[in-house]
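Dear colleague,

I am passing the structure below on to you, and my notes on what was found follow it. Please read them with the sequence and the model open beside you.

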Amino acid sequence: MDEKLRLCDEFAKITDSDSAVSRRYLAENGWEMERALNSFFEHDMEKVFEVVDSPEKERGPAVKKKKQSHTPQGGCKPERDVSKNNVSSIDLTTDEPACSTSHADAGKTTKQKAPVDDQKLSLISWNVDGLDTDNLAERARGLCSYLVLYTPDVVFLQELIPPYVEYLKKRAVSYTLVEGGEDGYFTGMMLKKSRVTLLGSQIVPYTTTQMMRNLLIAQVTFQGQQLSLMTSHLESCKGQAAERMKQLRLITQKMRETPDNVTVLFGGDTNLRDTEVSLVVGLPSGVLDVWEKLGRQEHCRYTWDTKANSNKKLPYTSRLRFDRVYLRPASREGVPRLKPDHMALLGLEKLDCGRYTSDHWGVYCSFSAG
């Protein structure tokens, strides 16, 4: 296939656009895929959060923009590989949007303040779908309401965009934000400053990704324990299984290579199917899939669930466990061993705009020292 035709085909698949749009963006950017994709996804994005420029506007209705097209089942949306890692302090407020419960949500959850145990580590991992700009400001406020309710020590976020990050920075006091990129869309971490101390961070590139994905790692201390925190958004789409499994191998390699006095926690949108994990001979010894360790609870199985989540309005039903949390406890004698004790899905309630916080459910986990 002609190289330009191949690039057009790949661009169209990633962005869910037609051949004319693909050719225009690629031609305008010298037929460089990364530049063309960033141009496509960044177009007019700075206007998305204009509604939150003042406190008065924050309480008003969310901005509605025409949303970007999305590819079904996790989407084929690129994440730019960025070498620079920005860290800044942010302040979290207690303002939250009201929620209404749909029939699909009935009996699943209610918005009650989660109890805080000083000896436990709590974590949220969530693909916030920042590339869907429809009702994005209100959906970002929805995320903040869950942070207020659960006060997690660590938050892993995927599909952040720069305006979303700026919004989080404006809302804050108690978290440090570690970014996995600057442009397009990327991952990030939020670390509760009163309980988690950031020692350092780095971005590990996936050298053969076609979607500019990477692995974000942060070294931290929590209650005197050393932790290595990892988050990523693995290659999207069923047809990208080989690249996705290659990325999983790199993640588990990094987990195994971490010194045995350090606890490793990974969380993110893996886009994995269970059969793919089996094809890489499962997880290595000592690495736990938290959902499996807690008894494979059915109500926490599907984090991408178009039967219950209507944000994408797809003509078919897809229920998959894309979002996963892995734990490799420290094994050195005398070092506390973290063990999972609870998991729940978040974002099951509709916001006032009639949509959910994201097309993915969030994953909440807590861990105790054994």
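Tyr356 and Trp361 are both buried, where buried means under 20% relative accessible area, exposed over 50% and partly exposed in between (1.4 Å probe, protein chains only). This is a predicted model, in which local features need pLDDT of at least 70 and side-chain atom pairs count only at pLDDT 80 or more, while totals for chains, interfaces and linings use all residues. Residues are numbered from 1 along each chain as its sequence is written, and side-chain values use heavy atoms, with hydrogens and water left out.

The structure holds 6 aromatic pairs; rings of Phe, Tyr and Trp (its six-membered ring) pair if their centres lie within 6.5 Å, and planes under 30 degrees apart count as stacked, over 60 as edge-to-face and the rest as tilted. In one of the pairs, the rings of Tyr150 and Tyr364 have centres 4.8 Å apart and planes at 50°, so this pair is tilted. Because Tyr150 lies in helix α5 (residues 136-150) and Tyr364 in strand β17 (residues 362-369), the pair ties together parts that are 214 residues apart in sequence; helices (H or I, at least four residues) and strands (E, at least two) are DSSP runs, numbered from the N terminus. Tyr150 is buried at a relative accessible area of 14%, and Tyr364, at 8% relative accessibility, counts as buried too. Tyr356 and Trp361 also form an aromatic pair, which is edge-to-face, with 5.2 Å centre to centre and 85° between the planes.

With kind regards
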